[in-house]
Amino acid sequence: MSAIFRDALLARRERYNAIFAEARHYQPQLDGAAFGLVLIDSVAPLVEAAVGAGGDAGAVTDGLYVCALELYGHGMLGPERNDPWVTAGWKAMAGLARPLGQAPRLIAAAVSNALRILGQTPGARPQAWLDGLRACVEFADEPDTLLKAGQALAWRCGLAHYRPDALAILAALPAPLAARVLELPDPARVAEALLRMAVDPWHDPGQPAHTPRLTRVARIGGFRGFGGVFLAPPTVTLIDGELHAQDGNAEGGMWRICADAFGATFHRSVVDNWTEAGTRGSPFKLVKGRVSKIGAGEADFPDLAVVSSVAATTTTLAASTPLSHYIWLVAASV
Amino acid sequence: MPIDSTPIAKVSEAPTNPGAAPRQKRFDVADLYRGPASTGEAVAGPSAIPLDEKLRQAYFWIVNHAIISPHYDLEYNTDKPPQVFTFGDAKAKLSLPSGQSYSSFVLVPLLNFAARRRCLLVGGPGRGKTASATLMGILAGYSVREVRRGMQHGQPQMTISDLIGNPLPADLIAAQKMDDIRIAWRKWLSMRVKIIDEYNRIPTRTQSALLTVMGDNYAEILDQIYECPESAWFLTANDDAGGGTYQVIEALRDRIDVVVHTLHFNNRFVDELLTRIEENLKPEEVMPPAIIFSEAEIDRMGDAIREVEFPTALRRRLEFFASQFEFFEPAAEQLEYKTKDTAKLSGIDFRALTALDTGKDKVKDIGAATKNGFSVRALMTTLIFAKALAFFRGYKAVTLDDLRNIVPFVLHDKLVPDTEAPFFDAAGNQVYRVDRVGWIRRLFDLSCAEFDRLSLDKDDPVTALEAEFDGGLQGVSEAEARARLVKIERLLAEWGKGRKLYGPMFDDILKLKYLHQRHTNYLAWLLIR
């Protein structure tokens, strides 16, 4: 343990002991020795890094101590019980030293909470988010700006339901930072990329352009027993312009689907007026495994020769089959 | 130490009652950074969350950190039925509710705080009555010191001056007229949470002064008036059944809206007590700012509670339940006076009169199990507390479960059981002589079962006639008015063929008489116009 951290702890020893005693009153399982390891392994390196980047030792120690204690109490940080992504985040936050020094508790808590959400969302990519956030520090060392970039990054890393908010955030960020989030080499291309992504959820500006063709852009859902969503093969429909899925098992419930080029998420929903949607009113058609879309030609999908339900938005066709727990998404990817 | 940085100051994360959440949630990217770790900024905007959510957070903070009440006696179930287990020879039942359930000892005072009514906390010494009331004061934004100083402790020598205030001695000598006498009013009169500890130890004369403050919201000394703000009242009593130093005057008891019993201390939680002693923890001193209500918030909460819908179908069930109790056939000759109130005013022994009420099944007639009926105040209190409970749970309309759960606490001291009635001798009912909450809940269940048996939800002729009348009489033709009169008369004639008269029919008959009179008068006016 460095002298900086040790001195900061000693300077407010009574306060830290009182906070721990109070926490242990409501969580008797808290172990002083184990929390001591958390302080040595996770907190001390961050205090040193943040102080090295100009942070105040007392304020940084105070913010990180309280945050670490909360996380330890929730079993998310610690030698015995922990969330691997949160633990990884506390190691990686040394790379966020400057913003961490300015707002230690805000950054530590926000990063921990975000990693927990990303880690618990099937298909999301917490490591990519963490790497992306560290890379963004080069362009944004103010805590608020960095956290804004982190929100947009979370969308890029699989939290598809944040798409509208993320696009708005990206439009407001400085172009070099937005370009970093979108992995574009040229900040001048940000505006055009945002325009295209706003109308086409399957557009990924980081991928090379090609002529539009119908492809299976995603296969989502899966059997709950294997970490998926559904207990029994689902059906799909369109409600208020959004794709929804209903578990074939009544116990499984209904879900709202958010999907785009960067990921897909399912959100429990309550639907009173469930009706078959089909492809009416959309540019798609599906006949015996052949999907066609106005302006994008047609393509064969043998897996969709027999379907139990179909629904389509202007950009995406969703189909389920009687024998699979997955939902197929077809779009004209560019 | 700034309390908002400590774990004890953390309030439960919204939504605290997920069942009440909106069906289609709007996604907010700000949620990315919300979670178990507090950023330290959450308490900055306490009023940003809906008031019902804040009230639930207050409830959960109290049960998790302040009052050790690991009870869930206000049970709610989802569409899944509860799991029920039985124990012992007497088959004591335990149900595991499938929905979010609550502790009455914490929730009912909290609803009283939100609805600004009058709550009596009853129970043995050292059970947390005063602590619970103190927390309500702190919730209203007062410091622990202010709450303690504002608390009135009942004692046998308590005078009106002790309670309300006293005239300034200099003015008493110098004043030429009464208006010149200034009064030093006690500070507690201006508080929005008023606590009277051990109210049954207050002398009778001082109780009368308290009654004026509680009932009419003003205090009076030497013709000087002090208007009190609208406030929530909390009274405590060690033994409400006459164990206080003084008998509580009936009018004062009648002003109390809800009664809540302290539940026993579960001895598996002694370790909590030990830690509090060892670490000198005083939860009331570290209440998180995020759950403290401003005066404006309490006002808005009152408005929001009143706006909660009380569905017509549920109102009918409450009417049906309430109508069971007042009717008392031997009390008078004229139908309107056949009430328990008439019997009570006569001063004749109630037992002697009930002996005259023959020919009915007195076990099935739940009205025969009480010595009185519902007062208007009891009905109004039931309505407001049912709304408050629905509001607390995040619902826009009162549900049957809300009504069923709150009725025993409102009627606890208002519905007087006739413990010698045959109802209490029936198998399984003996326990209700002691268990007032269980008894009232049982009466409500029996009333609902009878309501269902009679299919009154679907077929209620009086409701149909009421609906016609509610459309207004203006423009109703002579022929239509006569037709309605005939309908009423036919219905009465049909009911007259039955042999037994029970409470609900008594109210229905009088309602029909009312409708008949209104139409008769209208017809007379129409003909001479």
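**Exercise 1.** Determine how helices α15 and α16 of chain B are placed relative to each other.

*Solution.* Step 1: in this predicted model, the axes of α15 (residues 400–411) and α16 (residues 436–453) of chain B come within 8 Å and cross at roughly 130 degrees. Helices are DSSP runs of H or I, at least four residues long, and strands are runs of E, at least two long, numbered from the N terminus. Axes are lines fitted to C-alpha atoms, for helices over the stretch in contact, and angles run from 0 to 180 degrees between N-to-C directions.

Step 1: α15(B) and α16(B) are therefore oblique to each other (angles under 35 degrees count as roughly parallel, over 145 as roughly antiparallel, 65 to 115 as roughly perpendicular and the rest as oblique).

Step 2: the crossing of α15(B) and α16(B) is right-handed, meaning that the near helix is turned clockwise from the far one by less than a right angle.

Step 3: α15(B) contributes B:R404, B:V407, B:P408 and B:L411 to the contact, and α16(B) contributes B:V437, B:I440, B:R441 and B:F444. Residues are in contact if their C-beta atoms, placed from the backbone, lie within 7 Å.

Step 4: six of the residues in this contact are nonpolar, none polar and two charged (Ala, Val, Leu, Ile, Met, Phe, Trp, Tyr, Cys and Pro count as nonpolar, Asp, Glu, Lys and Arg as charged, and the others, Gly among them, as polar).

**Exercise 2.** Identify the buried residues of α5(A) and the helices against which they pack.

*Solution.* Step 1: A:W85, A:V86, A:T87, A:G89 and A:W90 are buried in α5 (residues 84–92) of chain A. A residue is buried if 20 or more other C-beta atoms lie within 10 Å of its own, exposed if 12 or fewer, and partly exposed in between.

Step 1: the packing partners of these buried residues are α3 (32–52), α4 (57–73), α7 (104–120) and α8 (126–136) of chain A.

Step 2: the axes of α5(A) and α7(A) are 8 Å apart, at an angle of about 145 degrees, and the crossing is right-handed.

**Exercise 3.** Locate the residues with the most contacts inside the largest nonpolar core.

*Solution.* Step 1: this core has 114 residues, and A:V47, A:A68, A:A154 and A:L329 have the most contacts inside it. A nonpolar core is a set of buried Ala, Val, Leu, Ile, Met, Phe, Trp, Tyr and Cys residues joined through C-beta atoms within 7 Å.

Step 1: a second, separate core of 100 residues includes B:W188 and B:L252.

Methods: Residues numbered from 1 in each chain as written. Chains lettered and ligands numbered in written order. Predicted model: local features only at pLDDT ≥ 70, side-chain atom pairs only at ≥ 80, totals over all residues. Contact = placed C-beta atoms within 7 Å.
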